[in-house]
Each structure stands twice: as C-alpha cells, then as structure tokens.
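Please look through the briefing below with the sequence and the 3D structure at hand.

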Amino acid sequence: MPGVELIDVAKSFGSTEVIPKLNLSIDEGEFAVIVGPSGCGKSTTLRMICGLEPVTSGSIFIKDRNVTKAAPKARDIAMVFQSYALYPHMDVAGNMSFALRLAGRPKEEIKRRVDHAAQLLELTDYLHRKPRDLSGGQRQRVAMGRSIVRDAYCFLFDEPLSNLDAKLRSSMRTELALLHKQLERTMVYVTHDQIEAMTMADRIVIMDQGEIQQVGTPREVYTSPRNRFVAGFIGSPSMNFLDAQLQDERGELVVRGDGFRLPIPDRLQQQVQNTTVTECTVGLRPEHFFARNDGSGNLAALKLNVDVAEYIGSSQFLAAHLGEQAVTATVDVGPDAEPMQSGEYYFDTNRLYLFDRRTGMAL
Amino acid sequence: MSNQLHSPWRVMAHYVCLCLLAIACLMPIWVMISTSFKDDIVIFDGKPIWFFFVPTMDNYEYIVGRGKFDRYLVNSVIVAVVSTFLTLLLGGLCAYALARAEFKGRRFVANATLLVRMVPPAVLAVPAFAMVIFLNVNNDLLVLIFFYTALNLPFAIWLLFGFYKQIPVELEEAAIVDGASPLQVFFRVLLPLMKSGYAVAGIFTFRIAWNEFILALLLTGRNTRTLPVAASGFLTDTGVEWGRIMAMGTLIVIPPLLFTFFAARQIIAGMTAGAVKG
C-alpha cells in the first residue's frame with residue numbers, strides 16, 4: 001500500500017516551472033531518499049508533501065487520503081528541518097512537547113512521550129537545557145525528537161545531517177537507520193549527498209531539474225543506472241565518461257575511442273545489436289580499474305598516463321589520461337605500494353556502461 | 001601595536017574623555033534637580049550655587065497642590081501608553097508583513113517608512129493644527145494619540161522589520177507543522193523572540209510620545225494638556241518660574257525612566273541563538 005503518493009504534481013513559482021509533472025509512490029513503512037544536486041526540486045517536493053508549499057497542479061495522497069489542499073497539521077506528518085529550527089526560547093523538553101501541548105494532550109501523556117523520545121535519542125540529561133547550550137549533534141537530535149514524539153504517520157527529513165561534521169554525520173546516519181527500524185514509519189528523506197542516500201535508503205529517488213531520473217533500490221541505481229545523469233551522480237568518485245563509437249569488427253562488437261578499444265560485455269550484446277546508435281559514451285567506474293591482471297573477470301588492458309597518484313591507505317586514487325581524455329581510477333594496491341606510475345591498467349569490461357551520446361539514456 | 005593600545009597614558013586619556021562626556025550629560029540633569037529644590041532667592045543669586053544650599057519642597061508643593069498636576073499626569077500617561085501600545089501593535093504587524101510577505105515594492109516600502117521619519121514633527125505642526133480645527137476635534141486626547149501613533153509608526157516599523165528579519169522563517173514553518181494556528185505561531189513562537197525588538201521600539205516610542213511638545217501645545221486645551229505643555233505654563237508674563245519648571249521637569253522624567261528600566265530588562269542579546277545551524 002502506498003504511504004505517500006504524488007500524482008501529476010507540478011509546481012511553478014510565478015512563471016518559472018520548477019517541477020514539471022511528477023509521479024511518485026512511496027510504500028508504507030519505506031525509507032525513501034530523494035537525492036539530487038542543489039536546485040533539482042527535491043526540497044520543494046518535500047515541502048509540497050509537508051504542505052508548506054502549495055502544489056500548482058496534481059494531487060498528493062498520504063495514507064490513501066487526498067491531502068492536496070490540507071493544512072500541514074491535518075496531514076499526520078512530522079518534519080525535521082535542515083536548519084533544525086528549534087524554538088530558542090524553549091528548553092529541550094519544551095521543544096519536543098510543543099506539538100503535543102498545542103494539541104492539548106494530557107500532561108502525563110506528554111511527559112511519557114517526551115521521556116521515551118529523549119531516551120531513544122539519549123537526550124534525557126539535556127531536557128532542561130536551551131538549544132543554545134547544545135552542540136550541533138545534540139540540536140540535531142532534539143529536532144528529530146520533536147518529530148518522534150508526534151508519532152506521526154510519515155516523517156519528512158530535509159537534509160538533516162548537512163550541518164554536521166563528517167564523523168557525526170556518519171554516526172547519525174546509523175542512528176537514523178536504526179530509528180526507522182524501531183518506528184517502522186514511512187520516511188521521506190531529502191539529501192544532496194549520494195552516500196547518505198545509498199547507505200540509508202530502501203529506495204532512492206534521483207531527481208534532476210525537477211524531474212525524477214530513476215527510482216530504485218541502492219543496488220539497482222548503482223548497477224543499472226537508467227541514464228548518464230544517474231550513473232554520474234551515484235558512486236564515489238563519480239563515473240568516467242568517454243566519447244566512443246560502437247563498431248562491428250568482423251562480427252565482434254566493440255566500443256572504440258581515443259586510446260582504447262573495449263569489447264562489449266555479454267550483458268549489453270543484445271542492446272547494442274538492436275540499436276542504431278553509433279556515437280556513444282562509455283561509462284567506467286573508477287573502482288573497476290585494476291593495477292594487475294589476476295585473471296578474474298573480463299579484464300581489458302588500458303594504457304593510463306598517470307598525472308597524480310594520491311595515497312588513501314590501501315588504495316590509490318589516480319588522476320590520469322586515457323588518450324586525450326581525463327579519467328580517474330581507484331586501484332587497490334595495498335598500503336605499502338609505491339605511488340603508481342603510467343602504464344598498463346586493467347578494466348573489468350563486465351562493468352562497462354554505454355550511453356547514447358545524444359539522449360544520455362543507457363543502452 | 002597592542003602595547004601602544006594599552007599604554008597607561010592611552011587608557012587614562014580614554015577615561016578622562018569618558019568622564020568629561022559623562023559630566024556633560026549629567027550636568028543639565030543635576031541643574032534641573034538641584035534647582036527644583038531651591039527657592040527663588042537662591043536661584044536668582046548673583047553667582048550660581050552648585051551644591052550647598054538649604055533645600056526646600058516649596059516648588060513641589062506648589063505644583064502638586066495648586067495646579068492640575070494630577071490631571072496633566074493622567075493625560076500624559078494615557079497619551080503615551082495608548083499611543084505606544086498602538087504603535088507597537090500596528091508597527092509590529094506592518095513590520096511582520098514587510099519581513100515575510102512577498103509583494104512587489106516590498107523593499108521600497110520598508111525603506112520609505114524611514115524616509116517619512118526624516119520629516120521633523122515641527123513641520124507637521126501647522127498642517128496638523130489646520131486639520132484638527134477643520135474637523136473640529138481639537139482638545140481631544142484621541143487626536144494626540146492618533147498623531148503620536150502616526151509619527152512613531154515609521155520608526156517602529158523600520159526597527160521591528162530588522163528584528164523580524166533575524167528570525168528564521170523555518171521556526172514559523174516548524175510551528176506550523178507542529179500544528180500551530182497563525183495566532184499561536186505569533187504569540188508562542190514569534191512574540192517571545194521579538195521581546196527585545198518590542199522593548200527597544202517601546203522605549204523610543206514612549207519617550208517621544210511622553211516628551212513631545214509642539215503638537216501637544218497646539219492640539220490640547222486647558223483640560224487635555226500633557227505635562228510638557230503644563231510645564232511651559234510657568235513661563236509667565238511676570239518672568240520664568242525656574243524653580244517650578246525644574247520641579248515639574250524632575251517629576252516628568254520619572255515615568256519614562258521607570259518605563260525604560262522595565263523595558264530594558266526585556267532586551268536580551270542573542271535571543272535566537274541556537275535556533276538554527278550548529
């Protein structure tokens with residue numbers, strides 16, 4: 001059953017169309033992450049679900065109820081803002097209980113729920129502190145606590161971790177995933193950070209320029225990106241794109257470009273035979289380069305001119321040139337290896353991607 | 001460099017300057033208070049007596065006992081309190097609208113309010129008087145309240161506009177999502193954070209309304225006089241009654257002083273600290 005459903009939702013600010021027409025269905029209890037570069041319309045989408053931003057056309061359903069015109073408080077949702085938006089004149093308990101007090105809930109119930117949320121988020125010792133006396137991570141937890149006490153049907157998160165430092169962010173990521181498990185609520189999470197999306201999501205919604213590019217599990221969007229945008233956005237460091245031509249060399253389908261010639265993997269044979277496209281873009285993920293040919297997979301040799309080799313522990317990050325085109329590669333050579341030099345490297349051709357150069361769609 | 005900044009001579013020079021300024025500020029007040037306790041003989045003595053004289057309460061007794069001091073005091077309090085209240089109420093709403101609502105020419109309106117403030121009230125006195133006579137509403141406290149509110153609104157709007165701008169809009173959105181009605185958002189989230197802004201605006205508005213002289217002189221009659229106008233009544237044909245004027249002045253100073261102390265307690269720096277970001 002869909003928990004949150006957007007049908008033909010469009011949004012314009014004045015004459016500027018931000019979201020053309022968007023259809024999205026998020027299952028009940030699912031952790032959906034909307035990800036995309038800034039300005040892609042992901043926050044606007046979330047604010048429309050929340051009710052802070054009216055839709056220009058289309059309808060929104062939450063729990064099978066049409067809430068398109070409903071006020072935020074009638075939607076049974078809770079939201080965590082990017083900036084936390086804590087009430088600075090109330091202490092932590094006051095912040096968390098504000099919604100319940102507004103709703104006129106009995107005192108004992110409010111106390112019970114606040115205590116429960118505080119325990120869950122390890123805020124019990126801070127209940128009587130003001131937001132200004134809390135650290136960034138604690139404020140972030142208060143913001144989450146404020147939505148948890150609501151016991152809402154659906155939780156909305158607008159880049160809640162973007163103001164935290166890297167270490168705290170990764171631990172909060174884990175806590176959030178755990179929270180989702182405990183609460184079993186529908187959660188919609190907006191971020192521009194693809195790592196956050198990959199690690200937390202049941203399903204990822206990738207947006208660009210107001211349009212959904214692909215919806216799928218983290219594995220799906222990583223292994224079968226629908227188009228060049230998704231391929232480039234998901235994965236870190238991001239995929240290399242090289243101009244190339246599809247050619248039939250005496251019965252063998254190959255993709256040939258400046259400084260390389262790679263055989264088409266079995267998985268793409270059918271598509272390549274059926275297409276009329278010859279001008280294509282080859283997608284090579286940096287992590288699918290290897291320094292040695294250990295005989296596994298379908299490794300093809302590529303000559304890389306290494307410009308810089310960056311040491312990052314057990315692997316090295318290479319900024320290099322393949323022919324005239326710049327590529328990046330991460331090769332796993334162990335922590336003791338010397339800085340890598342130009343020479344033969346290997347690419348696993350099973351993991352190669354092909355895109356129509358004109359439309360950007362995956363073949 | 002820092003050595004020079006903190007050299008004893010510099011520090012001393014600083015304090016000497018500060019002391020001189022303080023004396024310049026406080027001396028007129030001392031003259032007012034001391035004169036109010038002097039009788040005419042001491043006041044008009046050939047050379048001024050600064051500190052050592054026999055104090056007398058005569059001036060105060062005369063003002064409070066014989067004149068209509070209580071009536072003027074009530075007038076002043078009504079005019080200042082009501083016009084301050086109206087200014088803060090209307091000014092706050094205008095400022096909020098300017099800070100939040102998106103409409104064409106918003107910035108222009110926000111800045112233009114301050115331009116209105118550039119007009120000195122004295123310039124408005126004659127037109128205001130003509131208007132009031134034309135409408136036949138002179139000698140009415142309401143008229144004075146109306147003018148003071150109109151006069152103070154631009155400044156209050158401009159000031160409160162700045163304060164509202166500092167409150168992140170996410171706070172209101174959070175309250176809306178938490179289920180607050182517009183009035184609840186205003187009274188339970190915005191107003192507590194705007195305390196400082198309203199206190200500052202209130203101090204200025206009250207002080208101006210309390211002390212204003214020209215409009216009050218023109219627009220009030222025998223029974224609707226405010227204290228500053230009443231004080232000017234001691235400039236008589238037979239001379240200036242300095243002792244009584246100063247006694248009146250001393251009494252006039254007290255209410256705004258109390259008001260300021262009360263209002264200033266609401267001014268807390270960094271009220272919105274901790275609302276957003278880390």
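Domain bounds, as used here, come from an automatic or database domain assignment. For chain B that assignment gives domain 1 (2–58) and domain 2 (59–264). The model is predicted, so local features need pLDDT of at least 70 and side-chain atom pairs count only at pLDDT 80 or more, while totals for chains, interfaces and linings use all residues. Residues are numbered from 1 along each chain as its sequence is written, and chains are lettered from A and ligands numbered from 1 in the order in which they are written.

**The two domains of chain B**

- The C-alpha centres of domain 1 of chain B and domain 2 of chain B are 31 Å apart.
- Ten residues of domain 1 of chain B are in contact with ten residues of domain 2 of chain B, where contact means that the C-beta atoms of two residues, placed from the backbone, lie within 7 Å.
- On the side of domain 1 of chain B that touches domain 2 of chain B, the elements giving two or more residues are α2 (8–36) and α3 (40–43) of chain B; helices (H or I, at least four residues) and strands (E, at least two) are DSSP runs, numbered from the N terminus.
- α2(B) gives the most to this side, with four residues.
- By class, this side of domain 1 of chain B has four nonpolar, two polar and four charged residues, with Ala, Val, Leu, Ile, Met, Phe, Trp, Tyr, Cys and Pro counted as nonpolar, Asp, Glu, Lys and Arg as charged, and the others, Gly among them, as polar.

**The contact between chains A and B**

- This contact takes 26 residues from chain A and 22 residues from chain B.
- On the side of chain A that touches chain B, at least two residues each come from β6 (77–80), α2 (92–102) and α4 (136–148) of chain A, and the largest share, three residues, is that of α2(A).
- By class, that side of chain A has 18 nonpolar, four polar and four charged residues.

**Strands of chain A**

- Four strands of chain A form an open, antiparallel sheet in the order β2-β1-β4-β5, and two strands count as paired if DSSP finds at least two bridges between them.
- β2 (16–27) and β5 (65–66) of chain A stand at the edges with a single partner strand each, so one side of each is left without a neighbour in the sheet.
- Within the sheet, β1 (residues 2–13) and β4 (residues 57–62) of chain A pair in the antiparallel sense over five bridges, and Leu6(A) has Ile60(A) as its bridge partner in β4(A).
- β9(A) and β10(A) form a hairpin with two residues between them, and Gln209(A) in the turn has a positive phi of about 50 degrees.
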